[in-house]
Amino acid sequence: MWSDFFFLHVYYFSQFLSGNITFIAKVEAKDLLRKPNVKWFKGKWMDLASKAGKHLQLKESFERHTKVRLCFSFLRKQENYAGNYRCEVSYKDKFDSCSFDLEVTGKMVTCVCKIKPQEEEPEVDVWELLKNANPSEYEKIAFQYGITDLRGMLKRLKRMRREVKKSAAFAKGLDPAYQVDKGGKVRFMVELADPTVELKWYKNGQEIRPSAKYIFEHKGNQRILFINNCTMTDDARYYVTAGDEKCSTELFVRDPPILVTKGLEDTNTYVGERVELSCEVSEDDANVKWFKNGVELTDEAKSRYRIKVEGKKHTLIIEEAAKNDSATYSVMTTGGQSEAKLSVDCNLTKQISLALQDQTVRLGQEIHLKCEISENVEGKWYKNGQLIEASDRVKLYHKGRIHRFVIGSAAVDDEGEYMFVPDAYNINIPCKVHVVDPPKLHLDGLGEGNTVTVVAGSKLRLEIPITGEPTPKVTWSKGDKVHYSGRIRAETYPDSSCLVIDVAEREDSGPFRIALKNEAGEDTALINIKVVDVPDPPQAPDVTEVGEDWCVMTWEPPANDGGSPILGYFIERKKKQSSRWMRLNFELCKETTFEPKKMIEGVAYEVRVFAVNAIGISKPSMPSKSFVPLAVTSPPTLLAVDGVTDTTVTMKWRPPDHIGAAGLDGYVVEYCFEGTDEWIVANPELTDKTKFTISGLPTGSKILVRVKAVNAAGESEPRYHPGPILVKEVIEPPKIRLPRHLKQTYTRRVGETVNLVIPFQGKPRAKVSWQKNGSPIDKNQINIRNTENDTIIFIRKAERNHSGEYNMKVEVENLEDKATIDIQIVDRPGPPEVVTIEDVWGENVNLSWKPPKDDGNAAITGYTIQKADKKSMEWFTVMEHYHRTSATINELVIGNEYYFRIFSENICGLSEDATMTKESALIAKDGKVYKYPVYDDFDFSERPLFTQPLVNTFAVAGYNATLNCSVRGNPKPKITWLKNKVIIMNDPKYRMFSNQGVCTLEIRKPSPYDGGTYTCHAVNQLGEAEVDCKLEVKGKGFKTLQMPCLSEHHLHRSQKYLFGKALRKSSWIRDISLKKMAR
């Protein structure tokens, strides 16, 4: 991102007496949180920070009162410093630069400054270049953009030029090819003609599965695949299948451009001397081209120029320089270039009376260098091109024409190329100092006794650090055999030596000897190699006991533990007819017995065992003999009375929760009279129905009933009716079972359908009546249908006049029950009445308005404010969900004239129309300065307070239940849920939400064991509060199933409407409740 607000001024000072040039860049830093990154460059690539020293100094300072950062650059004036300079400033995603030209002629210094943002080069699509380029230009494009596999790209180019047939499954297919930089993100998108068709993605013929790298996304008919953090392995052919059709594409991952990190430097030399021009690039072994005066140089056998590559360093070598080698040499990569001048002059060695001599000294000895010049002149000493200053350790002597350099005790770092440069001559006197050091092995990283353990079959690469000057000669041997190459070989590097064993075998165990030797001495050591392996597989396990879904198995340990103690065992099982094994334990089993569980009844299984030691896992044992789990069913469920007469009792129940592999043959119904223990079979033959009538009973007697399920494994445990049943028809008082969501206001939008089912009970001949607001209901507008067990109120297309209080009454003889239902039909509100511009000052406008006359039969939840420039009249939203009837619009453009309009909003949405201001507001250019009033800060701190408590709740087993409450407090309180005073943590059965102060606990598919006391605890720095409620979870059957006089029709209707309609609408009712609590 380019920014034009960084630089305030760029100027320079030139002091002619001292010959110094000072450049100052003033950078505005008032909006920056920390120091920006400042760099100075000469030309296009040379970073002046790498040239800082005596002739160049870079400094920075910061003025706190002006928030301006000053960047200084000091140059000692020389003619070769003329050229183009550039200062770059960057901070996060912001960037700015300033360039200037410096001319030095005599005593005059001219500087021309230019401040302009650099233009970013557009990203080049190499794929499009290759598609449109001439074949003769392919190699040139490959080098320029860093293409390493040109042959592979040309093969893909040929394949992608084939004509693609029109597809019936894909409305829009993949592009022919995609290109992405290494480390970037790519997006594949297809559009399906039929969104129900199954879609699969493939890479080089292998299906892609969702992961952190591969992300799938669906948007309508669009199917999208994202590939994150692309590497060179992602450069492949991709295709997607939809049914029998597929669409393919190619992905090209491009390496980043090769940058020149250290450029060439100007060099002066003499005829006949060796010349080396070196640079460094950003990648190892990169493709680099050299040029002399614009003509490319090649590394041919007959060429005078030799090119040397060492990792990132590239060097151009001229063994014997000639006069005609003086030229401008340049190096070019795919991401940059650098150039330098080479000057070759005649040799002036006749001015040297005594040259420096190369020396070889041992570590700790004295280094003494001496030379003699034809005249008594001063000079400077250099080591590896760096100026040497005299110190306590380094002594420099000058007496007449003789110059001496002395170091009392030589160190390894003292080795290098030394040079003496006389001040009066354009010559230098070089020599080399070689410091030798006895070799030494560093075995600190090895284990006790220099022992190294390796797993059989794996590769060992043992690296031993070594020291010594010069680099010592290394020899590895085992016994009398010396290892240089083959499966066991030695690899030697300047600072280490490696013993490599490609595929370790147990015979490789034993001591290996390493020996070091150089001209300063020798060193040896013994290293023990220990090869270990995984254990042998155990014997086939035995299954000693079988249950309903479990078994008990035993086995013997393996005969060979592989040289490492057995740590434990892994157990797997599979179905006999399957080939897929499943791991049963993820923690090692320490014993030789195990109990597999959760098997399927009636299915034959096999088990096997793996032994584990410190090295790994053995091969599996032989499978055990097959076995089959089998058990009786669980007891029938929900046993209840369906009807009673003077001589019969009708019972009904549900099938067992668990039937098992043996199936279900039928049921046995038994009864006994109260006070006796003799159970009588009511059905001599099994019944396959879940309802049975016991006949021939004496009137007024009491009986106990039980039911058993029967299959091939035998009879299940009996299911007992909870109490004795009186054989006598009784009157059932009326009772309205008002659904939970109808106990609150039932809200629907205008035009939606209202269909409410209210179950009730009562015998015999219950009578139902309805009233709306105390008056009979108009059946032409509202349809009501009554049955023996429920009543239905139906409105096909709701209108606002349908809102009101509906009263329901159920009568059985002299008994009655009543219920009230509040129905609210809502619509979008009308627009606000009047919008007035109250005041205009500076860049602000104050608006006020009146609430709408028509609120849509629902509370106004906010307003949406829009503005429009008088010239374009394009409307833009400036505020949403605004609750007050006055607002101040800020940050308006001075000189523009604005109109404003406002929409009303309730739970149904925005009003269809908006009220616009009659006048416009002109933001004057020379307005008065508005002085903001000073207000004391209001303390919003508040301890937690529950504005809506939890309520006692009844839930149905198997259906999700939610507990809701609302709390306020500042700072925002921390919410904790508890069950029976125990904190609920990391339990996937519970989901907790908190939105705008509304706290929700969702219990997924609760069972009767989930019932209890639930507590919501809120705490902040000012205090704490809590509320609780009781949750009762009933069985999947409705409570009325336990009443003595319900018919089968009643059960069917209750299940159909209560558990069908009501539960399908529970999600919408919950959203309405949450919004009310939030208000």
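Glu1002 is buried, at a relative accessible area of 9%; buried stands for under 20% relative accessible area, exposed for over 50%, and partly exposed for what lies in between (1.4 Å probe, protein chains only). Arg991, at 34% relative accessibility, counts as partly exposed. The side chains of Arg991 and Glu1002 meet in a salt bridge, 3.8 Å from N to O; the term requires a side-chain nitrogen of Lys or Arg within 4 Å of a carboxyl oxygen of Asp or Glu. This pair links distant parts of the chain, with Arg991 in strand 83 (residues 990-995) and Glu1002 in strand 84 (residues 998-1003), 11 residues apart. Strands (E, at least two residues) and helices (H or I, at least four) are DSSP runs, numbered from the N terminus.

The model is predicted, so local features need pLDDT of at least 70 and side-chain atom pairs count only at pLDDT 80 or more, while totals for chains, interfaces and linings use all residues. Residues are numbered from 1 along each chain as its sequence is written, and side-chain values use heavy atoms, with hydrogens and water left out.

**Salt bridges**

The whole structure holds 35 salt bridges.

| Lys809 | Glu811 | 3.6 Å |

Arg828 is partly exposed at 36%, whereas Glu912 is exposed at 62%. In the remaining pair of the table, Lys809 is partly exposed at 25% and Glu811 is partly exposed at 24%.

**Strand 36 and its neighbours**

Strand 36 (residues 429-441) runs parallel to strand 29 (residues 359-362), and four bridges join them; strands count as paired if DSSP finds at least two bridges between them. Thr360 has His434 of strand 36 as its bridge partner. Strand 35 (residues 416-422) pairs with strand 36 in the antiparallel sense over five bridges, and Gly416 has Val433 as its partner there. Strand 38 (residues 460-469) is also antiparallel to strand 36, through three bridges. Leu441 stands opposite Ile466 of strand 38.

**Aromatic rings**

The count of aromatic pairs is 18; rings of Phe, Tyr and Trp (its six-membered ring) pair if their centres lie within 6.5 Å, with planes under 30 degrees apart called stacked, over 60 edge-to-face and the rest tilted. Phe405 and Tyr418 form a tilted pair, 5.3 Å centre to centre with 50° between the planes. Phe405 lies in strand 34 (residues 402-407) and Tyr418 in strand 35, so the pair ties together parts that are 13 residues apart in sequence. Phe405 is buried at 1%, and Tyr418 is buried at 1%.

Trp849 and Tyr882 form another tilted pair, 6.3 Å centre to centre with 55° between the planes. Trp849 belongs to strand 70 (residues 844-849) and Tyr882 to strand 72 (residues 875-882), so this pair ties together parts that are 33 residues apart in sequence. Trp849 is buried at 5%. Tyr178, Phe188, Trp201 and Tyr238 form one aromatic cluster.
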